[in-house]
Structures are given as structure tokens and as C-alpha cells.
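Welcome! Take a moment to look over the sequence and the model below, and then we can walk through the fold together.

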Amino acid sequence: MLDTHFIVREPLLNSQERVLGYELFWQDVAASGRAPSAEEALHLVRFAAECLGGAEADSLLGEQLVFLEITPHLLGHPALDALPVRGTVLVLRAAELADDATIAKVAQARARGFAISLRGLVDPAMLDARLRSELAYLEVSMGAPDFAAQVQQHQTQAPSRLQVIARGVNSWKAYDLSASLSMYAFVGHLHLSPRPGNFARELNPAQTLILQLMDMVRKNAEVKQLENVLKRDPALSYKLLRYINSAGFGLGCEIQSLRHAVTMLGYSPLYRWLALLLATATTTGYSPVLMQTAVIRGRFSELLGAGFLPRQEAENLFVAGMFSLLDKLLGVPMEQVLEKIQLSESITQALLSREGIYGPFLALAEACELNNADVEAMATSLCMDVKQVNQAQMAALAWAQTLQL
């Protein structure tokens with residue numbers, strides 16, 4: 001049953017570890033490494049259209065790309081009409097593009113504005129010249145014995161607009177190789193593994209100041225006291241107000257100052273904004289993809305809990321989700337991180353053991369990133385169906401783009 005398919009996202013990175021987009025696929029397909037069936041591909045297109053389509057489709061994911069693997073028969077299917085053309089990349093397997101009729105359909109999809117990516121090409125010399133001219137992306141497996149030679153051949157023969165992408169990047173050494181060859185790379189969940197020797201290990205001055213502010217907010221300090229602390233770093237004040245005024249928080253007016261924010265919205269939202277500011281204030285060992293993952297996980301966790309917990313409790317889930325990656329951002333064990341940050345017992349319990357009131361929601365959000373086979377059981381234990389989980393993940397992905405990290 002396709003209604004039991006959970007969505008998985010895999011980030012596409014450039015050589016600076018910045019997220020260029022995501023491939024979306026079903027957990028069952030990803031776990032087996034197989035191509036999707038025609039039914040699974042159609043279901044994926046319809047799901048993506050539901051989440052990404054509509055009047056705001058062109059801005060939902062900002063400038064980021066969405067890769068969807070389809071089967072050739074879908075190239076002329078009406079379901080494609082509901083997808084946003086800008087930013088959508090249709091992925092096809094080389095073995096399925098052998099006949100003239102299919103190549104003609106690829107050209108038609110390209111003429112409509114869709115970008116095309118080719119997967120599974122074993123011999124570069126076998127690529128039809130007509131097809132090469134229609135491609136925007138061509139994927140090469142890192143596991144190929146002649147990987148570097150394949151990449152060089154494609155880059156030499158390909159039109160200047162064609163980008164060669166590395167697949168199967170499962171180590172930072174492999175990622176660095178792809179970056180040195182001017183390639184983009186799909187990295188699975190490599191970004192959740194720390195880079196050796198690339199850690200901050202200590203909080204920087206900005207993060208220390210933010211922690212002080214978070215402690216003051218937790219204790220309901222006077223706004224003037226908060227303002228005096230924040231004045232020590234004007235750049236932080238600017239960044240905080242930019243986050244607060246982002247579309248992600250849906251305010252009806254522009255917040256001009258910290259006092260204005262507290263007056264309009266109270267202290268509870270301020271704590272979550274400071275949590276966001278803390279995670280994105282890393283300088284040493286800076287990893288844009290890890291930052292974005294932390295933000296998405298925080299929002300995803302919050303949305304999962306929104307229908308079950310009071311609003312303030314759900315906001316605490318955002319903090320728990322954000323902080324669940326703080327140890328990787330800093331390169332220190334979570335226990336040491338928590339020695340520096342005063343958090344509630346419930347958040348601490350979720351971070352250390354994925355238990356307590358927040359733990360199951362955080363664990364579910366994390367499992368969706370890791371393509372964990374226990375996702376269905378975890379969702380069922382929280383009385384959630386697959387549609388709720390998938391929609392929450394896509395909503396979190398779109399929300400993160402509004403922050404312009």
C-alpha cells in the first residue's frame with residue numbers, strides 16, 4: 001500500500017556544503033536501492049505536487065531544487081502539470097531511455113521547462129547525443145572504478161550548462177574528491193557525521209552572549225536588561241530581528257526592536273528565536289547543511305507535536321530539535337553541551353535519551369532523516385498516520401527556506 005510510504009529527503013550540496021536542493025523518495029525505495037515502480041513514481045509526483053504546487057509554488061522552496069525520480073511513461077502524464085516547473089528536476093534512468101519515442105518525450109518535458117537528470121549511465125560513450133543536449137544534470141556513482149575518468153569525460157564532452165553530480169557519497173573524503181572535481185554531491189546522511197578535526201569545541205563569544213540571554217528570558221528578566229546585553233553585539237541584534245520578521249513566523253507587522261517583539265508576542269517565542277540564533281552563530285567548523293538540518297528538525301519536531309501538545313510545549317519541541325544537533329555543530333558530547341546550557345528537564349531528557357514528553361516526537365523526526373525502518377512503528381505509537389508525518393516534514397522543509405539562513 002502506497003499510503004504506508006514515508007518520504008525521505010537527501011540533500012544536494014555544493015563544494016561549500018551549502019544545500020542546493022533535495023531529492024525526495026519513498027523510504028521503501030531508498031532502503032532497497034531499486035528504481036521506483038510506475039505506481040510509486042506517480043504517487044511521488046502527486047505528493048510533491050500537493051506539497052509544492054499552488055499559487056506560491058515558485059517561492060515555497062526558494063531557489064532550491066527538488067529532484068524526483070520518475071519512469072518514462074510519466075513524461076506525458078497530466079500529473080506533471082501540477083508540479084512547479086521552476087526548480088523541479090525529473091530524474092530518469094539511462095537504461096530506460098533507449099528508444100526514439102522516449103527521447104522525444106524527454107525533449108518535450110525539457111521544452112516545458114523541467115530540468116532533466118540522468119542516472120545509471122555506465123558507459124559515457126553510449127549516451128545518445130540528442131539526450132545529452134537535453135540534460136541539466138548527469139549523475140556518476142562514486143563507487144565506479146573509473147569515477148574520476150568518467151567525470152572528466154562528461155565534463156569535457158558535455159554542454160557547459162550540464163552539471164555532473166556525485167552519487168553514493170558516503171565519506172567526507174569522497175565528498176572532498178567530488179568538490180575538487182567541481183561537482184555537486186548527493187550526500188545521504190553524511191552531513192550528520194562530524195568532519196574529523198573540524199570542530200569549534202568551545203562556544204564563541206556570540207554564542208556565550210546568546211546563552212546569557214536565553215537564561216535571562218527563562219527567568220523572565222526585564223526587557224531593558226535583555227536590551228543591554230544584546231547591545232554588546234549589534235550584528236546579533238540585526239540577525240535576531242531578521243529571523244523574527246521572516247515569513248516563517250507569519251507576523252502581520254514589522255518588529256522594530258526587542259522590546260517591540262516582547263510586547264507583541266511575549267517571552268516564549270523569544271526563547272525559540274534565541275535557540276535558532278545560537279545554532280546559526282557557529283563560526284569555527286561552520287557547516288551550512290548541518291545548520292539547515294537543525295532548523296528543519298526543530299520545526300519538524302514542533303509540527304509533529306502541535307496537534308498533541310499545548311502551544312508552549314510544542315515550541316519547546318522546536319528548541320529540542322534544534323539543540324539535538326548542537327553537539328555535532330560544536331564537536332563535543334551532548335553532556336558537555338548541556339553543562340553550558342540551562343534547559344528544562346523535559347528537553348534535557350529528550351536530548352540525552354529521546355525519552356520523556358518530547359523524546360518520541362524528536363526521535364520520529366530524526367528517524368525520518370535516517371531512513372529508519374522503525375518510522376512506521378514510531379508514528380503509530382504517537383497515533384499519527386503517514387500523511388501527517390509526510391506533510392509535517394515538507395512543511396518544515398519549506399518553512400526553513402523563509403528564514404534565509
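Two residues are in contact when they have heavy atoms within 4.5 Å of each other. Among contacts in the protein chain between residues at least 6 apart in sequence, 65% join residues at least 24 apart. Before we go on, please note that this is a predicted model, in which local features need pLDDT of at least 70 and side-chain atom pairs count only at pLDDT 80 or more, while totals for chains, interfaces and linings use all residues. Residues are numbered from 1 along each chain as its sequence is written, and side-chain values use heavy atoms, with hydrogens and water left out.

**The whole chain**

The radius of gyration is taken over C-alpha atoms, and the globule rule is 2.2 Å times the number of residues to the power 0.38. For 405 residues, a compact globule would come out near 22 Å, and the protein chain agrees because its own value is 22 Å. Along the principal axes, the C-alpha atoms fill a box of roughly 70 × 40 × 40 Å.

How much of the chain is buried? Buried means under 20% relative accessible area, exposed means over 50%, and partly exposed lies in between (1.4 Å probe, protein chains only). By that rule, 55% of the 405 residues count as buried.

Helices (H or I, at least four residues) and strands (E, at least two) are DSSP runs, numbered from the N terminus. The protein chain has 20 helices and eight strands.

Two strands pair if DSSP finds at least two bridges between them. Eight strands form a closed barrel in the order β1-β2-β3-β4-β5-β6-β7-β8, with mixed pairing. On average, neighbouring strands of this sheet are turned by 30 degrees against each other, direction ignored.

| Strands | Sense | Bridges | Residues opposite each other |
|---|---|---|---|
| β1 and β2 | antiparallel | seven | E10 and E23 |
| β2 and β3 | parallel | four | G21 and L65 |
| β4 and β5 | parallel | five | L92 and L118 |

The hairpin of β1 and β2 has five residues between the strands, and there E17 takes a positive phi near 65 degrees. Strand β2 is largely enclosed by the rest of the structure, because seven of its eight residues are buried. Strand β4 is mostly covered too, with five of its six residues buried.

In strand β7 (residues 163-167) you will find Q163. Is Q163 buried or exposed? Its relative accessibility is 18%, so Q163 counts as buried. Leaving aside neighbours within four places in sequence, Q163 is in contact with A136, Y137, L138, S182, M183 and Y184.

**Helices around it**

Helix α20 (residues 386-402) lies across β1 (7-13) and β2 (19-26), running at about 25 degrees to β1; axes are lines fitted to C-alpha atoms, for helices over the stretch in contact, and angles run from 0 to 180 degrees between N-to-C directions.

In helix α11 (residues 258-265), the residues L258, A261 and V262 are buried. They sit on the same side of α11, because they cover an arc of only 95 degrees around the axis; the arc is that of the directions from the helix axis to the C-beta atoms. An α-helix has 3.6 residues a turn, so residues three or four places apart point the same way. The buried residues of α11 pack against α9 (223-230), α10 (234-244) and α12 (267-279). Just after α11, G266 takes a positive phi of about 90 degrees.

Helix α1 (residues 27-32) holds D28. With a relative accessible area of 33%, D28 is partly exposed. Not counting residues up to four places away in sequence, D28 touches H5 and R34.

**The nonpolar cores**

A nonpolar core is a set of buried Ala, Val, Leu, Ile, Met, Phe, Trp, Tyr and Cys residues joined through side-chain atoms within 4.5 Å. The largest one has 138 residues, and F323 and L364 have the most contacts inside it. Helix α12 gives the largest share of this core, 10 residues. Apart from it lies another core of 10 residues, among them L12, A115, A136 and Y137.

Leaving aside neighbours within four places in sequence, L364 is in contact with residues including L304, V375, M378 and V389. The C-alpha atoms of D28 and L364, 336 residues apart along the chain, are separated by 17 Å.
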